[in-house]
Amino acid sequence: MSDLDQLTQSLARNLKRWRNERGFTLDALAARAGVSRGMIIQIEQARTNPSVGITVKLADALGVSITTLLDYEQGSHVRLVPPEQAVRMWSTEAGSSTTLVVGAEARGPFELWSWHLMPGEGNDSDAHPPGTIELLHVTRGELTLVVDGAEHAVPAGTGATFEADVAHGYHNKGAEPVEMTMSVSVPPAHAGAY
């Protein structure tokens, strides 16, 4: 089985498991996530590989980390994630990328990300559920952090935190690559929450 097939099967199994554990019908999850019922059915039947955006929306709606939806080796109290098992979520031909290094489910999803943004590139995100917090630390270059339309310069060595329940984005407007580490904490979801 290829890595992609294994990922598709894991996503199908985990999406159905978490949807049932949260008590969400297909229609309820579709409404919460802003994803069509048909797409959720295709994912749960392992007939499609959704985009990163759809995967993020489903994880947010379920109140779990993307790692939890994609993980096929759950079990031990200590989980080491070697570099080859980190999940590359997106990349560009110019060399920008973001990698989900590790995530956990203690009191809601908690994720650790490694970002690499080439000059002139960026990535935007829709608002996450209320209570979601992001922390980041830029280790190289200068990040332009956009939160609810306002731009913030974050130079190397600087940390930042914000409530991510509004549209936000990460951009490199400089001449050198930007490297940063980011943590995301999402509150747990419950069927009666929306």
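**View 1. Burial and secondary structure of the protein chain.** Of the 194 residues in the protein chain, 43% count as buried (under 20% relative accessible area with a 1.4 Å probe, protein chains only). This is a predicted model, in which local features need pLDDT of at least 70, side-chain atom pairs count only at pLDDT 80 or more, and totals for chains, interfaces and linings use all residues. Residues are numbered from 1 along each chain as its sequence is written, and side-chain values use heavy atoms, with hydrogens and water left out. The protein chain has five helices and 10 strands (DSSP runs numbered from the N terminus: helices are H or I with at least four residues, strands are E with at least two).

**View 2. Strand β6 and its partners.** Five of the six residues of β6 (residues 142–147) are buried, so this strand is largely enclosed by the rest of the structure. β6 pairs with β7 (residues 150–155) in the antiparallel sense over six bridges; two strands pair if DSSP finds at least two bridges between them. β6 is also joined to β9 (residues 168–171), again antiparallel, by four bridges. On that side, T144 has H171 of β9 as its bridge partner.

**View 3. The hairpin of β6 and β7.** Two residues lie between the strands, and D148 takes a positive phi near 55 degrees. V147 stands opposite A150 in β7.

**View 4. Confidence along the protein chain.** The mean pLDDT (the predictor's confidence in each residue, from 0 to 100) is lowest in strand β2 (residues 97–104), at 72, and highest in β9, at 96. Over residues 74–78 the pLDDT is below 50. Where pLDDT is low, the predicted coordinates should not be read in detail.

Note on methods
Buried < 20%, exposed > 50% of the residue type's maximum accessible area, 1.4 Å probe, protein only. Contact = heavy atoms within 4.5 Å.
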